[in-house]
Amino acid sequence: MLDFDINVLFNNWDRYIDGFLTTLQVSLIGLVGSFILGALIAVFRIAPVKPLNWFGTAYVEFFRNIPLLITVYLFYYGLGSFGVNFDGFAAGTIGLTIYTSAYVAEAIRAGIQTVPKGQMEAGRSSGLSYNQTMIEIILPQAIKISLPAIGNQFINMFKNSSILAIVAGADLMLVSDQINSDIFMPVSVYAFTAMFYLVITLPLSFGVLYLERRLAKTS
(Lines give C-alpha, C1' and ligand atoms only; values in the text may rest on other atoms or scores of the structure.)
Protein backbone atom coordinates (compact mmCIF):
# COMPACT_ATOMS: atom_id res chain seq x y z
CA MET A 1 0.00 0.00 0.00
CA LEU A 2 1.26 3.46 -0.85
CA ASP A 3 2.40 5.62 2.05
CA PHE A 4 0.47 8.69 0.84
CA ASP A 5 -0.71 10.82 3.73
CA ILE A 6 -2.02 14.38 3.51
CA ASN A 7 -0.82 14.99 7.06
CA VAL A 8 2.76 14.97 5.78
CA LEU A 9 2.00 18.31 4.13
CA PHE A 10 0.17 19.80 7.10
CA ASN A 11 2.71 18.63 9.68
CA ASN A 12 5.65 19.98 7.68
CA TRP A 13 4.00 23.01 6.12
CA ASP A 14 6.46 25.54 7.58
CA ARG A 15 9.44 23.54 6.38
CA TYR A 16 8.01 23.17 2.88
CA ILE A 17 7.26 26.90 2.70
CA ASP A 18 10.77 27.84 3.86
CA GLY A 19 12.28 25.62 1.17
CA PHE A 20 9.85 26.87 -1.44
CA LEU A 21 10.66 30.52 -0.66
CA THR A 22 14.37 29.78 -0.92
CA THR A 23 13.80 28.12 -4.30
CA LEU A 24 11.81 31.16 -5.43
CA GLN A 25 14.56 33.49 -4.28
CA VAL A 26 17.23 31.52 -6.13
CA SER A 27 15.07 31.39 -9.25
CA LEU A 28 14.31 35.12 -9.26
CA ILE A 29 17.97 36.02 -8.82
CA GLY A 30 18.89 33.52 -11.51
CA LEU A 31 16.18 34.84 -13.82
CA VAL A 32 17.45 38.42 -13.69
CA GLY A 33 21.11 37.44 -13.72
CA SER A 34 20.90 34.91 -16.54
CA PHE A 35 18.84 37.29 -18.69
CA ILE A 36 21.32 40.16 -18.34
CA LEU A 37 24.35 37.93 -18.74
CA GLY A 38 22.75 35.98 -21.59
CA ALA A 39 21.92 39.17 -23.50
CA LEU A 40 25.50 40.38 -23.08
CA ILE A 41 26.99 37.10 -24.26
CA ALA A 42 24.59 37.04 -27.24
CA VAL A 43 25.81 40.49 -28.29
CA PHE A 44 29.41 39.32 -27.89
CA ARG A 45 28.74 36.40 -30.21
CA ILE A 46 27.64 38.62 -33.09
CA ALA A 47 29.79 41.69 -32.33
CA PRO A 48 32.22 42.87 -35.05
CA VAL A 49 35.15 42.30 -32.67
CA LYS A 50 36.86 38.91 -32.94
CA PRO A 51 38.02 38.58 -29.29
CA LEU A 52 34.44 39.16 -28.12
CA ASN A 53 33.20 36.56 -30.62
CA TRP A 54 35.72 34.05 -29.34
CA PHE A 55 34.89 34.73 -25.71
CA GLY A 56 31.13 34.50 -26.32
CA THR A 57 31.46 31.27 -28.28
CA ALA A 58 33.79 29.69 -25.71
CA TYR A 59 31.46 30.70 -22.87
CA VAL A 60 28.36 29.23 -24.49
CA GLU A 61 30.02 26.03 -25.68
CA PHE A 62 31.73 25.41 -22.34
CA PHE A 63 28.72 25.84 -20.06
CA ARG A 64 26.23 24.21 -22.41
CA ASN A 65 28.35 21.09 -22.72
CA ILE A 66 29.14 20.33 -19.09
CA PRO A 67 26.64 19.15 -16.44
CA LEU A 68 25.06 21.79 -14.22
CA LEU A 69 26.40 19.93 -11.19
CA ILE A 70 29.99 20.50 -12.31
CA THR A 71 29.29 24.22 -12.77
CA VAL A 72 27.96 24.42 -9.22
CA TYR A 73 30.88 22.39 -7.86
CA LEU A 74 33.33 24.77 -9.54
CA PHE A 75 31.98 27.56 -7.34
CA TYR A 76 31.29 25.49 -4.23
CA TYR A 77 34.54 23.50 -4.11
CA GLY A 78 36.80 24.79 -6.87
CA LEU A 79 37.12 28.42 -5.83
CA GLY A 80 37.94 27.34 -2.29
CA SER A 81 41.36 26.35 -3.62
CA PHE A 82 41.96 30.04 -4.33
CA GLY A 83 40.67 31.22 -0.99
CA VAL A 84 37.22 32.19 -2.29
CA ASN A 85 34.51 30.38 -0.35
CA PHE A 86 30.80 30.38 -1.16
CA ASP A 87 28.07 28.75 0.88
CA GLY A 88 25.64 26.37 -0.79
CA PHE A 89 23.09 29.06 -1.54
CA ALA A 90 25.58 31.41 -3.20
CA ALA A 91 27.42 28.69 -5.12
CA GLY A 92 24.19 27.14 -6.34
CA THR A 93 22.71 30.47 -7.39
CA ILE A 94 25.83 31.60 -9.25
CA GLY A 95 26.27 28.23 -10.94
CA LEU A 96 22.61 28.08 -11.95
CA THR A 97 22.71 31.65 -13.28
CA ILE A 98 25.81 31.11 -15.38
CA TYR A 99 24.63 27.75 -16.69
CA THR A 100 21.22 29.14 -17.72
CA SER A 101 22.72 32.28 -19.23
CA ALA A 102 24.50 30.17 -21.86
CA TYR A 103 21.12 28.89 -23.10
CA VAL A 104 19.51 32.31 -22.86
CA ALA A 105 22.39 33.73 -24.91
CA GLU A 106 21.72 31.25 -27.71
CA ALA A 107 18.00 32.07 -27.68
CA ILE A 108 18.68 35.80 -27.92
CA ARG A 109 21.38 35.31 -30.57
CA ALA A 110 18.86 33.40 -32.67
CA GLY A 111 16.43 36.28 -32.19
CA ILE A 112 19.06 38.82 -33.26
CA GLN A 113 19.75 36.87 -36.43
CA THR A 114 16.04 36.92 -37.24
CA VAL A 115 15.94 40.73 -37.20
CA PRO A 116 16.44 42.02 -40.78
CA LYS A 117 19.97 43.30 -41.39
CA GLY A 118 18.49 46.48 -42.76
CA GLN A 119 17.55 47.46 -39.20
CA MET A 120 21.21 47.76 -38.24
CA GLU A 121 22.04 49.65 -41.40
CA ALA A 122 19.14 52.03 -40.85
CA GLY A 123 20.24 52.70 -37.29
CA ARG A 124 23.83 53.37 -38.30
CA SER A 125 22.80 55.63 -41.18
CA SER A 126 20.66 57.70 -38.81
CA GLY A 127 23.73 58.53 -36.75
CA LEU A 128 23.52 55.91 -34.01
CA SER A 129 26.64 54.02 -32.97
CA TYR A 130 26.81 50.24 -33.20
CA ASN A 131 26.13 49.90 -29.49
CA GLN A 132 23.22 52.36 -29.56
CA THR A 133 21.66 50.60 -32.54
CA MET A 134 22.03 47.23 -30.86
CA ILE A 135 20.53 48.39 -27.55
CA GLU A 136 17.77 50.63 -28.86
CA ILE A 137 16.70 48.86 -32.07
CA ILE A 138 17.99 45.31 -32.47
CA LEU A 139 17.84 43.85 -28.95
CA PRO A 140 14.23 44.87 -28.19
CA GLN A 141 13.05 43.13 -31.37
CA ALA A 142 15.29 40.10 -30.81
CA ILE A 143 14.12 39.65 -27.22
CA LYS A 144 10.48 39.86 -28.28
CA ILE A 145 11.07 37.19 -30.92
CA SER A 146 12.94 34.90 -28.53
CA LEU A 147 10.61 35.31 -25.52
CA PRO A 148 9.08 31.81 -25.79
CA ALA A 149 12.53 30.20 -25.92
CA ILE A 150 13.73 32.34 -23.02
CA GLY A 151 10.59 31.45 -21.08
CA ASN A 152 11.31 27.75 -21.54
CA GLN A 153 14.81 28.26 -20.19
CA PHE A 154 13.43 30.01 -17.11
CA ILE A 155 11.11 27.04 -16.50
CA ASN A 156 14.10 24.72 -16.78
CA MET A 157 16.05 26.94 -14.41
CA PHE A 158 13.33 26.75 -11.77
CA LYS A 159 13.39 22.96 -11.96
CA ASN A 160 17.19 22.89 -12.07
CA SER A 161 17.30 24.90 -8.84
CA SER A 162 16.90 21.54 -7.08
CA ILE A 163 20.66 21.22 -7.63
CA LEU A 164 21.10 23.34 -4.49
CA ALA A 165 20.15 20.29 -2.43
CA ILE A 166 23.49 18.74 -3.41
CA VAL A 167 25.44 21.62 -1.84
CA ALA A 168 23.16 22.18 1.18
CA GLY A 169 21.49 25.22 -0.35
CA ALA A 170 18.38 24.94 1.89
CA ASP A 171 16.05 24.86 -1.12
CA LEU A 172 12.78 22.96 -1.51
CA MET A 173 14.52 19.75 -2.56
CA LEU A 174 16.91 19.72 0.39
CA VAL A 175 14.05 20.39 2.81
CA SER A 176 12.11 17.52 1.23
CA ASP A 177 15.09 15.20 1.67
CA GLN A 178 15.31 16.20 5.32
CA ILE A 179 11.60 15.62 5.88
CA ASN A 180 11.82 12.21 4.25
CA SER A 181 14.83 11.26 6.37
CA ASP A 182 12.76 12.06 9.47
CA ILE A 183 9.60 10.14 8.57
CA PHE A 184 10.58 8.01 5.55
CA MET A 185 7.38 8.42 3.55
CA PRO A 186 8.89 9.15 0.13
CA VAL A 187 5.67 8.96 -1.89
CA SER A 188 3.94 11.57 0.26
CA VAL A 189 6.99 13.77 0.77
CA TYR A 190 8.02 14.01 -2.87
CA ALA A 191 4.44 14.17 -4.19
CA PHE A 192 3.97 17.37 -2.20
CA THR A 193 7.39 18.57 -3.33
CA ALA A 194 6.26 18.12 -6.94
CA MET A 195 3.10 20.07 -6.12
CA PHE A 196 5.14 23.09 -5.02
CA TYR A 197 7.20 22.99 -8.22
CA LEU A 198 4.03 22.73 -10.32
CA VAL A 199 2.63 25.86 -8.64
CA ILE A 200 5.30 27.80 -10.55
CA THR A 201 6.05 25.72 -13.63
CA LEU A 202 2.48 25.19 -14.85
CA PRO A 203 1.55 28.92 -15.01
CA LEU A 204 4.90 29.61 -16.67
CA SER A 205 4.29 26.85 -19.21
CA PHE A 206 0.87 28.23 -20.08
CA GLY A 207 2.36 31.72 -20.30
CA VAL A 208 5.03 30.55 -22.75
CA LEU A 209 2.38 28.76 -24.83
CA TYR A 210 0.32 31.95 -24.91
CA LEU A 211 3.34 33.95 -26.06
CA GLU A 212 4.09 31.46 -28.81
CA ARG A 213 0.53 31.69 -30.13
CA ARG A 214 0.48 35.47 -29.83
CA LEU A 215 3.74 35.85 -31.72
CA ALA A 216 2.60 33.36 -34.37
CA LYS A 217 -0.47 35.50 -35.05
CA THR A 218 1.53 38.72 -35.34
CA SER A 219 4.30 37.27 -37.54
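This is a predicted model: local features need pLDDT of at least 70, side-chain atom pairs count only at pLDDT 80 or more; totals for chains, interfaces and linings use all residues.

Let me begin with the pair formed by arginine 45 and glutamate 106, whose closest N and O atoms are 2.4 Å apart. This pair joins distant parts of the chain, with arginine 45 in helix H2 and glutamate 106 in helix H5, 61 residues apart. Glutamate 106 also meets arginine 109 in a salt bridge, at 3.0 Å from N to O. Those two residues both lie in helix H5, about one turn of the helix apart. Are its members buried or exposed? Arginine 45 and glutamate 106 are both buried, and arginine 109 is buried as well.

A further salt bridge connects aspartate 182 with arginine 15, at 3.1 Å from N to O. Here helix H8 is linked to helix H2, across 167 residues. Aspartate 182 counts as exposed because its relative accessibility is 53%, whereas arginine 15, at 29%, counts as partly exposed.

I turn now to the largest pocket, which contains about 250 Å³ of space. Its lining includes Ile46, Lys117, Tyr130 and Ile138. Helix H7 supplies the largest share, 3 residues. By class, the lining comprises 8 nonpolar residues, 1 polar and 1 charged.

Finally, on the surface, Leu198, Leu202, Phe206 and Leu209 form a nonpolar patch with about 360 Å² of accessible area together. Leucine 209, one of these, lies in helix H9 and is partly exposed, at 33% relative accessibility.

Terms used: Residues are numbered from 1 along each chain as its sequence is written. Side-chain values use heavy atoms; hydrogens and water are left out. On a 1 Å grid over the protein atoms alone, a cavity is a set of points where a 1.4 Å probe fits but cannot get out, and a pocket is an open set with protein on both sides within 12 Å along at least five of seven lines; lining residues have an atom within 4 Å of a point. Grid points are joined across faces, edges and corners, and a volume is the space filled by probe spheres set on the points. Helices (H or I, at least four residues) and strands (E, at least two) are DSSP runs, numbered from the N terminus. Ala, Val, Leu, Ile, Met, Phe, Trp, Tyr, Cys and Pro count as nonpolar, Asp, Glu, Lys and Arg as charged, and the others, Gly among them, as polar. Patches are made of residues with over 30% relative accessible area and no salt bridge: like charges are joined within 9 Å, nonpolar side chains (Val, Leu, Ile, Met, Phe, Trp, Tyr) within 5 Å. Accessible areas come from the Shrake-Rupley method with a 1.4 Å probe; for residues, only the protein chains shown count as cover. A salt bridge is a side-chain nitrogen of Lys or Arg within 4 Å of a carboxyl oxygen of Asp or Glu. Buried means under 20% relative accessible area, exposed over 50%, partly exposed in between (1.4 Å probe, protein chains only).
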